[in-house]
Amino acid sequence: MAVPADLQAHLDGGATTLCRCWAVVRRDGAAFGFTDHDRPLAFGGHTFRPDSGMSAAAIQAGTGLAVDSSEAVGVLSDAAIGEADILAGRFDGAEVTAWLVNWRAPDQRRLLFRGSLGEVTRGAGAFRAELRSLAEGLNQPLGRVYQAPCSAVLGDGECRFDLGQAGYSAEVAVERVEDRKLFGFADLAGFDDRWFEKGRLLVLSGPAEGLVALIKNDRLRGDGRRVETWEALGAAIETGDRIRLEAGCDKRAETCRLKFGNFNNFRGFPHVPGEDWLMSYPASDTANDGGSLER
């Protein structure tokens, strides 16, 4: 990207007043601004604060479709990026934009980087975050895979199933919780055993509000219902906090048809022969006419 004429004139002047600014916008919409200058700066709807101690390594941009990456380092603080938020995964995948700015005239600036946060680690009162450029998205597989299970995510634009329908979700208060991953409910009737298995648990209130976990087990027992997630929530969750349980889908055609009545939108290929056909052989009691394997 070309350097703006006014900034180039400032650079050509010899004595410069330059700093770097970073804007971080999380997926939940929370926005943060940081600068390595010693005073706050404001532009583009962001206020960039100097008290985070944030700095970044040199950002290298290559030609072609190579993925550019760098890293940022800063101080953990409750007012900026806190340890609890990192543990909860709130900054995972956050959008990052960086500029080179003339702090005497913030309108004179050049965009240096636009991308997202990758792996974020913490330690010794500081955090270290990997910066991934927009080219990172080119590493994601595209297109459909010919496989028997459904490739869609329940409720997304390909599945088109409305989880807001009665009987497919439940909003309840937490009654019992262990290790932030085991939840017990004395009275959660109206749903079959394993109904929420492979579904999602969304936290609607409390310190963990906004976090999502995938449900590993959902069992009806003599003392009520027991729901277990694959991983512990990244923030504390307490009795009385509101959560939402969503029905689970195991990606099978039979489940799509019988549980959700959504087979018209099934995104798999249930009639693709399995690998065991390589070991099949003719038998006298079966039809050997070269016809379809599905009858």
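A: A cavity is a set of points on a 1 Å grid over the protein atoms alone where a 1.4 Å probe fits but cannot get out. Points are joined across faces, edges and corners, and the volume is the space filled by probe spheres set on them. In this predicted model, the largest cavity holds about 100 Å³ of space.

Q: How many cavities of 30 Å³ or more does the structure hold?

A: Two.

Q: Which residues line the largest cavity?

A: Lining residues have an atom within 4 Å of a point. Among them here are C150, C159, C249, C256, F161, F260 and K251. By class, the lining has nine nonpolar, two polar and one charged residues. Ala, Val, Leu, Ile, Met, Phe, Trp, Tyr, Cys and Pro count as nonpolar, Asp, Glu, Lys and Arg as charged, and the others, Gly among them, as polar.

Q: Before we go on, what should I know about the numbering and the model?

A: Residues are numbered from 1 along each chain as its sequence is written. The model is predicted, so local features need pLDDT of at least 70 and side-chain atom pairs pLDDT 80 or more, while totals for chains, interfaces and linings use all residues, and side-chain values use heavy atoms, with hydrogens and water left out.

Q: How many helices and strands are in the chain?

A: Both are DSSP runs numbered from the N terminus: helices are H or I, at least four residues, and strands are E, at least two. The chain has three helices and 16 strands.

Q: Is R26 buried or exposed?

A: Buried means under 20% relative accessible area, exposed over 50%, and partly exposed in between, with a 1.4 Å probe and protein chains only. R26, in the loop between strand 1 (18-25) and strand 2 (31-35), has 10%, so it is buried. Across the chain, buried residues make up 36% of the 295 residues.

Q: What does R26 touch?

A: Contact means heavy atoms within 4.5 Å. Leaving aside neighbours within four places in sequence, R26 is in contact with F32, D85, R90, F91 and A94. The R26 side chain also makes a polar contact of 2.8 Å with that of D28; such a contact is a pair of N or O atoms within 3.5 Å, one able to donate a hydrogen and the other to accept it, and residues adjacent in sequence count only if both atoms are side-chain atoms.

Q: And is R39 buried or exposed?

A: R39, in the loop between strand 2 and strand 3 (41-43), is exposed because its relative accessible area is 59%. Not counting residues up to four places away, R39 touches F48 and P50.

Conventions. 1 Å grid on protein atoms, 1.4 Å probe; cavity = no way out; pocket = protein on both sides within 12 Å on 5 of 7 lines; lining within 4 Å.
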